[in-house]
Amino acid sequence: MQPSLSKFENLLKMLRRTQRCRPEVAKTATLFEDVPVAEYEKLIQFLIEAGEDKALGILMCVCGANSVLLNPHVLAEALKVTEPVIDLAFPYRVQGSDAIEPLLAAAQAEDISWERQAFGAAIVAELAVRNSSHRKVVKRILLKLSQKIRAFAANFLIDQSLLLLDDETENPPHYLWVTKQEVLESLPEEKPPVVIGGDYTVRRPVPKIGRNAPCPCGSGKKYKKCCYEKDQQLLRDASPYEGITMTQLRSMPNLVSDAEMIKKMRAYELKKLEPVQLNEEQLYQAYVRAVHFGLRQFAYDLLLELKDRPNRQDFALDHMQDLLESALDAGDIDVARKALDIIPAEKLEDAETLGFQFDLVQNREHYAPLEARSRQALKEEEDEDLITWDYGLLDLSYKFENILPALSIVFARAAVMGRQDAHFDNEVLVDSIRSCRAELGHDPWEDPLEDFFEWTLKKNDSNYQDEEKDRQIRELKGKVIQANRSAAEKQSDLKEKELQLNRLGKKLEGSEKATAVLQNTVRTAVPLSPEERKTAADLHRQIDNLKAEINIQQHDRRQLRRKLQDAQKQLRHREAPKAPAAAADVQSGGLVPETAPKKILIPEFTPAFRRSCESLPVFVVAKALRAAADFAAHDKPIWRRTRPIETQSRIFRIKIGRQHRLLIGWEPEVRLEILDLIHRSNLETWLKRHAG
C-alpha cells in the first residue's frame, strides 16, 4: 500500500533537518522504526534522482541503525550520491552475498569518482570475505581498479582490500571493518559546524535587513517574525555570486558567465545541464568533465552544441576526434558512429586504423578464439602443468608463420618473454623470427629479441656457475660443521681421560704419602700394583695422542674456515650479469622515474618547437604541452611512454596521438629542452638532419 504524499513529504523533511550527529540520527531512526522497507527504497530513489546527497547520507545512517534489509540493487545505486560516502557502509551490515554483484557493478561505473569506486570496492571485499563468496571475481575487479585509479588514498583502500581477500584468517586483527561498525557509536556526539563558503568567498544571496525592520515580502510583519528563518537557510547556501545560492548555481550554471562550478560537478549533476543554455567556456568544461566520468553521449551533445557556436567549429571537431577514439577504446560503437559522421573526411587522422578499430569493436566474435588462446597462454605461464602439447603463444606463432609473418613475430616475442627459461623452445622461436623477417624483407638478424635471447643464454650460464659455487660453499659449510662436531667429541673424550688420570694420580699420591708415614715403622710397604701403573701409562699415552689429534683437527678447521671466508668474499664481490640496452628496452619499454626526484627541471622550448606549434592543430599542441609538463614533473604514465633515440644520446621521443612525436633533449638534473613536434613520418629525416 502506497503511503500518502503528505507522509512521504514529512519523512523527507525529517531527513533534511537531521544533522549528522549521534543524538539527532538516533531520534530520527526512532521515528522511522515503523516505516516499511518499500518506503525506504522509494526515499532512496527519490534522493538519488534529486541529488540530495546529505539527506541520502542521513537515510543510510537511519537504515543502518534500524537494520533495514534493502534491495541490493537500490542500495548499490546510492554509491553515486551518498555524502559522506562512508555512511553507505552502515546498511551493508545486514546485507548478504546477493549484495556483492550489484555493488561490484556500481563500483566499476565510470560516472563516479575514484574515491567512491575504491570505497565501494572495499565494501564488496568485506562482503566477499564475510560470506565466503565471489572472492576470485572480486579480487580480479579490484586488481583492475588498482591499475585504473590514480588517487593515493583510493589506491591505499584498494590495497587494503586486496590484503583482506588474501588473508586466510577469519578476523584479521590489522583490518578495520567498515561494514561491522555500529552506526551510533561511529557518529560524533556534537552537531557538525555550519560552514558557509568553504574554499571560496561567499556573497549574500539576499540583502541585509534588520531583524525588527518590516519584512520586504510586504506582509506587514517584522522581518524576524516573517521571512527571517527562510532567508537564513538561503544564507547557509550562499555562493560566490551575489543574489544566487549554490543550489541555484548547480542547477543553472548559466546564471553566471564563468565555468568554475561545472569543474566541480559530479556526474549526476552534469546530466541535468542543458547544453543550449551554456556559454562556450562552460560547454568545453562540461565536455571535459563528461569525458572524465565516461558520459560519452552527453560529451557528444556538448561538442555538437559547441560546433554551432561562432568561430568554434574547428575547435569542436578536433575534440570530436578525441571523443571518437575514446568511444572506440571503450567499445561505445553508437557514439563512435555519431562522431565519425560529424568529422569531415579530410580531418580524420589515420582513417585506416580507425576502420580497423571499428571492425574490432563491431565484430568481436571474430577475434574471440584468438583472445581465448591468449588467455590460456597467460594461465600456462603461471602453471606449466596446464600445457598439454605446446605453449599457447608458441603455437600461435607457428600457426601464423606462413600466413601472417608479422603477427608470427609479435607472438614469438611474447612467447620468449613469457617463458624465459624455456631455452629450447625459445631458440626455435628465434629461428622462426629470422625466417619471418626475411619473408618481410627485413634483416633476419636485426630483431631486438636477438640481444635479449643472447643475454638469457649468458644469464643461464652465469646461473649455472653461481649454482656450482653455491654447491661448493654448501660442501665447505658441511665440512666445517662436521669438523666442529668431531672436535667436540674429541674434547669430550679428552676431558674424560683427564678425569680418569686425575683419579689415578690422587690414588698414587695417597699411596706414596702413606708409605712415607709408615716407612719407619713398617718394614714391608705395599707398592702400587703393576696393573695400575700400566693403566696410568696407557692413559698418559691416550691423552697425548688425543691432544695431538685435536691440534691437527683444529688446524684443518682453521683451513676450512679460511676457504669458506674466501668463497663468501668472492660471492659478495661477484657481479650479476646485466642485460644489454636492447633487452632492457624489451622488458621495461620506457623510462622509470625516480620516486623522489632531486630536482624538477623547467622545460626550455626551442624556436623549432614554437614554429611547429603554430602550424599544427590546437589539440595536438595541447597534448604536446601536457606531455612536456608531465615529463618534467616525473609523471609515471608519460615516462613509461617515453622512448630513447638509439642513434642519438640524451634525445627521447614521446607519442602524441597516432601521428605526431614530441622530441625532447634531457640530461638528468641538468637540462630539459623541448626540441620539436613533428609528424611521425618525418622522424627519420629529422634524425638525419640532427645527426651531428
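Which helix does L407 lie in? L407 lies in helix 22, which covers residues 405-418. The model described here is predicted.

## Overall make-up

The protein contains 30 helices and 5 strands. Of its 692 residues, 38% are buried. Among contacts with a separation of 6 or more, 63% join residues 24 or more positions apart. The accessible surface of the protein is about 40,800 Å², and carbon and sulfur atoms account for 52% of that area.

## A nonpolar surface patch

L407 belongs to a nonpolar patch on the surface, together with I403, L404 and V410.

L407 has a relative accessible area of 37%. Because buried means under 20% and exposed means over 50%, L407 counts as partly exposed.

## Helix 15

Helix 15 runs over residues 280-292, a total of 13 residues. From its first C-alpha to its last it reaches 19 Å, close to the 18 Å expected at 1.5 Å a residue. At its start, a side-chain oxygen of N279 comes to within 3.2 Å of the backbone nitrogen of E281. Just after the helix, G294 adopts a positive phi of about 75°.

The buried residues of helix 15 are Q282, L283, Q285, A286, Y287 and A290. In an α-helix there are 3.6 residues a turn, so residues three or four places apart point the same way. The packing partners of the buried residues of helix 15 are helix 13 (260-263), helix 14 (267-270), helix 16 (296-307) and helix 17 (313-330).

Key. Residues numbered from 1 in each chain as written. Predicted model: local features only at pLDDT ≥ 70, side-chain atom pairs only at ≥ 80, totals over all residues. Heavy atoms only, no water. Patch = residues over 30% accessible without salt bridge, like charges linked within 9 Å, V, L, I, M, F, W, Y side chains within 5 Å. Areas by Shrake-Rupley, 256 points an atom, 1.4 Å probe, with all protein chains shown as cover. Salt bridge = Lys/Arg side-chain N within 4 Å of Asp/Glu carboxyl O. Helix = DSSP H or I, 4+ residues; strand = E, 2+ residues; numbered from the N terminus. Buried < 20%, exposed > 50% of the residue type's maximum accessible area, 1.4 Å probe, protein only. Expected span 1.5 Å × (residues − 1). Contact = heavy atoms within 4.5 Å. Polar contact = N/O pair within 3.5 Å; in protein donor to acceptor, adjacent residues only side chain to side chain.
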